[in-house]
Amino acid sequence: MRTVIRGMGELCITAGLIVMLFVTYELWGTGRYTQGAQDRLGDEMLKNWRAPKVTTERVKLGKGLAMIRIPRFGKDYHFVVIEGVSRSDLRKGPGHYPGTALPGQIGNFVVSGHRTTYSAPFNRLGELDRGDKILIDTRDEQYVYKVTDRRIVKPSETAVTLPVPFHAKRRPTERMITLTTCHPKYSAAKRMIIFGELAEALPRAAAAQQAAGK
Amino acid sequence: MYVWIWHRLPGTWQTKTATALGLFAAIAAILWYVVFPWVEPKVQFDHGVVDRPAPSGSATPG
């Protein structure tokens with residue numbers, strides 16, 4: 001009897017340790033993978049940007065598309081935006097919905113990202129206020145978007161990714177950005193959506209100099 | 001359970017300790033590199049994508 005009880009106790013402790021290790025894996029281990037992918041894709045993208053422009057340039061799925069910076073999250077906050085939103089794409093970083101507008105274009109530039117695992121690029125999205133800047137660096141330009149709204153929606157609310165969110169038939173006239181992530185943290189029950197509008201577009205080289213000069 | 005394993009390990013207490021630590025590391029490595037990556041998408045709690053549930057009932061990416 002005693003050995004049975006002791007065995008049960010040991011099993012419970014073992015299970016507890018395994019769960020703790022799994023939580024460490026989710027919150028920290030997955031981030032190491034993302035960091036590696038980000039470094040690799042970031043280098044690749046910057047190299048592409050320095051090379052002469054190809055007229056038929058189109059970013060392949062799973063490759064770096066742009067760089068996202070959000071000054072409210074600190075000067076060092078930056079992530080390479082990946083083209084695509086499949087599971088393997090989002091493991092590498094925030095992903096752009098293929099088929100939605102590209103940065104700076106008329107329509108809706110939609111980016112989705114993890115909130116708690118895989119480096120948690122969109123962890124602090126809830127802290128954004130109206131007017132906060134979202135900077136998108138591309139080959140030639142830095143697009144400065146300003147936050148206009150925040151919504152909590154159902155996971156099936158694909159209407160937020162439309163060219164004019166929530167209005168399927170309307171023709172877009174504005175240049176929008178939409179960020180999506182899960183809500184609340186550590187849950188998949190809902191989605192948090194951040195809307196923004198293009199405020200200005202600067203040549204990227206000038207924007208970099210400006211940032212360095214400050 | 002652990003007492004039982006300890007008694008089955010050969011050698012002096014030094015070799016026993018070394019074997020036990022080795023076993024522990026091996027199990028941890030298998031969990032970390034094989035089991036957890038396999039379990040992770042099945043228990044995924046961090047979906048960022050808005051999507052209609054797939055008709056087949058397969059998990060949404062995110």
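This is a predicted model: local features need pLDDT of at least 70, side-chain atom pairs count only at pLDDT 80 or more; totals for chains, interfaces and linings use all residues.
**Stop 1: a residue in a strand**

Select H96(A), which belongs to strand β3 of chain A, residues 95-96. Is H96(A) buried or exposed? H96(A) counts as buried because it has 25 C-beta neighbours inside 10 Å, and the cut-off for a buried residue is 20 or more.

Next, display L65(A), V81(A), E83(A), V110(A) and V111(A); H96(A) touches these residues, when those up to four places away in sequence are left out.

**Stop 2: the neighbouring strand and the barrel**

Which residue of β4(A) is the bridge partner of H96(A)? Select V111(A), for this is the partner in question. Strand β4 of chain A covers residues 107-112, and two bridges join it to β3(A). The two strands run antiparallel.

Now show the strands of chain A together. Eight of them form a closed barrel in the order β1-β2-β3-β4-β7-β8-β6-β5, and the pairing is mixed.

**Stop 3: the helix across the strands**

Select helix α1 of chain A, residues 2-50. This helix lies across β1 (64-69) and β2 (78-83) of chain A. Relative to β2(A), α1(A) runs at about 80°.

**Stop 4: chain B**

Colour chain B separately. Chain B contains two helices and zero strands. Of its 62 residues, 13% are buried.

Where the chains touch, 33 residues come from chain A and 19 residues from chain B. Select helix α2 of chain B, residues 13-39: with four residues, this helix gives the largest share of the side of chain B that touches chain A. That side of chain B comprises 12 nonpolar, three polar and four charged residues.

**Stop 5**

Keep α1(A) and α2(B) in view. Their axes come within 11 Å and cross at roughly 55°. The two helices are therefore oblique to each other, and their crossing is right-handed.

Which residues meet at this crossing? On α1(A), select I18(A), L21(A), F22(A), Y25(A) and G29(A). On α2(B), select A28(B), L31(B), W32(B) and F36(B), which meet those residues of α1(A). Sorted by class, this contact has eight nonpolar residues, one polar residue and no charged residues.

Key
Residues are numbered from 1 along each chain as its sequence is written. Chains are lettered from A and ligands numbered from 1 in the order in which they are written. A residue is buried if 20 or more other C-beta atoms lie within 10 Å of its own, exposed if 12 or fewer, and partly exposed in between; C-beta atoms are placed from the backbone. Two residues are in contact if their C-beta atoms, placed from the backbone, lie within 7 Å. Ala, Val, Leu, Ile, Met, Phe, Trp, Tyr, Cys and Pro count as nonpolar, Asp, Glu, Lys and Arg as charged, and the others, Gly among them, as polar. Axes are lines fitted to C-alpha atoms, for helices over the stretch in contact, and angles run from 0 to 180 degrees between N-to-C directions. Angles under 35 degrees count as roughly parallel, over 145 as roughly antiparallel, 65 to 115 as roughly perpendicular and the rest as oblique. A crossing is left-handed if the near helix is turned anticlockwise from the far one by less than a right angle, and right-handed if clockwise. Two strands pair if DSSP finds at least two bridges between them.
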